[in-house]
Amino acid sequence: MRRVVVIGGGVTGVLSAWELARAGHEVTLVEARALGSGASSRSAAGIRAQFGLAATVSGQVYSERFYEGWTERLPSSQPCFTQNGYLFLKSYADDLDAVRALVRMQRQAGLAEVEFLDRAAVDERWPFLDTTGVTAATWCPRDGFLFPAVIYQDGAEAARALGATIVQNDAVVGAERDGGLARAVALASGRRIEADVFVNAAGFMANTVSKMFGGRDLPITVERRYVYFLTGLKAASDWGLGPEDFPRLPMIVTPCGAYARPENAQLLMGWLQFPKPVAATLDNQDEVEPGFGIGATDYGAAVRKEVTQVLPAAQDMGRLASVTTGFYDVTPDHNPLFGYDGAVGNLVHAAGFSGHGLMHAPFSALIVAELVARGADVPALELPFGLGPVDLGIYALDRSYDLREGLVI
Ligand SMILES: Cc1cc2nc3c(=O)[nH]c(=O)nc-3n(C[C@H](O)[C@H](O)[C@H](O)COP(=O)(O)OP(=O)(O)OC[C@H]3O[C@@H](n4cnc5c(N)ncnc54)[C@H](O)[C@@H]3O)c2cc1C
């Protein structure tokens with residue numbers, strides 16, 4: 001049993017705290033604001049196991065199984081996972097042999113349900129899509145969307161039930177060192193918490209936290225992303241999309257990388273277009289930059305237009321009513337970072353999720369628990385559900401960053 005302080009109460013910190021408490025450690029999670037105050041409450045909340053690197057595919061298959069069994073694992077919780085599937089549309093710009101090879105790799109990595117579909121199959125299954133310019137697609141019905149607040153609230157409750165302490169509205173503001181180790185963290189309230197291991201799960205603030213410990217400069221840049229909502233939806237039967245079709249829509253990803261999915265009675269949409277590093281704080285997460293609002297010449301209108309190319313019903317599906325925004329913590333290869341700091345021998349980093357930390361969180365928590373159990377970096381991890389060992393080298397802090405995750409939206 002070790003005393004562990006987890007810094008950050010987003011999905012990574014909360015599920016890590018739960019996994020660590022389950023393993024019998026004495027866990028204190030410290031969150032600067034309320035649980036979910038970072039990216040976890042600002043997410044598009046998609047989950048897929050269709051990734052470009054085998055370890056991430058296997059890890060995400062694990063995450064999907066974890067979330068499928070959520071209410072059995074956390075009996076007092078509500079379901080947190082809607083499995084409408086993910087449909088990645090491809091165009092003439094895509095090398096379809098490479099797409100077929102990708103699907104083969106994903107199946108070998110444990111994603112049995114993923115399919116390569118030609119255009120005729122897409123037309124047959126989703127007749128309301130406009131497939132002009134679409135050549136093929138990949139489809140996995142096991143993918144879908146999550147309810148983030150259920151994950152971090154009920155996850156924290158379950159961690160508490162296992163003995164973890166959850167501190168909110170009190171930021172870590174400093175760390176005491178004892179040679180090459182950290183001994184305690186200092187909180188804004190003046191409180192001091194000693195521990196044997198410290199887990200940096202501070203999301204886009206992970207570098208700031210690392211520096212408080214005298215830890216390394218993490219290769220994370222912070223970028224802003226937007227999510228737009230169409231509201232006041234009506235059945236768009238002129239486009240072949242009946243009232244029963246709307247709630248079953250998958251996450252649809254256009255060949256250019258825009259995406260749309262149902263969110264209750266709204267259509268949630270996003271698109272990665274203008275990534276640029278920003279100076280992020282906990283206080284500027286919700287700032288909408290000029291040009292990224294919902295006016296006729298704003299980015300929201302461009303996102304809707306791109307979605308409309310493949311989902312023509314979106315032009316009749318109500319008003320572009322709102323925009324939300326938050327930060328991605330992005331690494332050079334878009335794979336997260338897990339491992340011991342090196343300069344601080346008992347500081348574990350779990351950050352750099354590059355826009356897929358919500359789906360990654362159960363897998364992240366397993367990795368964090370293994371790192372704490374071993375007291376050293378872990379080259380490979382045996383996954384539950386017979387998913388086999390996965391090579392964790394692509395997440396190591398000292399990797400070469402040349403194995404890039406290509407499937408990032
Ligand atoms: C617009 C948008 C769309 C996204 N879409 C998806 C998606 O479809 N699917 C997906 O999987 N992911 C998506 N993501 C990414 C996902 O939301 C994040 O990767 C994930 O939430 C990261 O969780 P986290 O717990 O690591 O970090 P966070 O949720 O950011 O949590 C970090 C926490 O640390 C706290 N903190 C910071 N500093 C301190 C301190 N000094 N002391 C104590 N606490 C501190 C913060 O308050 C925060 O609550 C999206 C993100 C955005 C912004």
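Biologist: In strand β22, which residue is the bridge partner of A380?

Modeller: The bridge partner of A380 in β22 is D391. Before going further, please keep in mind that this is a predicted model, in which local features need pLDDT of at least 70 and side-chain atom pairs count only at pLDDT 80 or more, whereas totals for chains, interfaces and linings use all residues. Residues are numbered from 1 along each chain as its sequence is written, and side-chain values use heavy atoms, with hydrogens and water left out.

The bridge between A380 and D391 belongs to the antiparallel pairing of β21 (residues 380-383) with β22 (residues 388-391), which runs over four bridges. Here two strands pair if DSSP finds at least two bridges between them, and the elements themselves are DSSP runs numbered from the N terminus, with helices being H or I of at least four residues and strands E of at least two. Four residues lie between the strands of this hairpin, and F385 takes a positive phi near 60°.

The crossing of α1 and α9 is right-handed, a term used when the near helix is turned clockwise from the far one by less than a right angle, with left-handed being the anticlockwise case. On the α1 side the contact (heavy atoms within 4.5 Å) is made by V11, T12, L15, S16, E19 and L20, and the α9 side includes L358, A361, A365 and V372. By class, the residues of the contact of α1 with α9 divide into 11 nonpolar, four polar and one charged, where Ala, Val, Leu, Ile, Met, Phe, Trp, Tyr, Cys and Pro count as nonpolar, Asp, Glu, Lys and Arg as charged, and the others, Gly among them, as polar.

Helix α9 also meets α2 (residues 54-68), their axes coming within 8 Å and crossing at roughly 95°, which makes α2 roughly perpendicular to α9. Among the residues in this contact are A55, G59, Y62 and F66 of α2 and L358, H360, F363 and L366 of α9, and the classes come to 10 nonpolar, four polar and no charged residues.

Helix α1 (residues 11-22) has a further partner in α6 (residues 148-161), where the axes come within 9 Å and cross at roughly 25°. These two helices are therefore roughly parallel to each other, and α1 passes α6 in a left-handed crossing. V11, V14, L15, A17, W18 and A21 of α1 meet I151, Y152, G155, A156, A158 and A159 of α6, and this contact divides into 11 nonpolar residues, one polar and no charged.

Two open sheets complete the picture. The three-stranded one has the order β3-β8-β4 with antiparallel pairing; β3 (46-47) and β4 (81-82) each have a single partner strand, so one side of each is left without a neighbour in the sheet. Within this sheet, β3 and β8 (residues 144-146) pair over two bridges, and G46 stands opposite F145.

The eight-stranded sheet has mixed pairing in the order β6-β7-β5-β15-β16-β17-β14-β18, with β6 (115-118) and β18 (319-330) as its edge strands. Its neighbouring strands are turned by 20° against each other on average, direction ignored. Helix α4 (residues 96-108) packs on this sheet, touching β5, β6 and β7, and its direction makes about 150° with that of β6. Strands β5 (residues 86-91) and β7 (residues 134-140) pair in the antiparallel sense over six bridges, and L87 stands opposite W139 in β7.

Conventions
Axes are lines fitted to C-alpha atoms, for helices over the stretch in contact, and angles run from 0 to 180 degrees between N-to-C directions. Angles under 35 degrees count as roughly parallel, over 145 as roughly antiparallel, 65 to 115 as roughly perpendicular and the rest as oblique.
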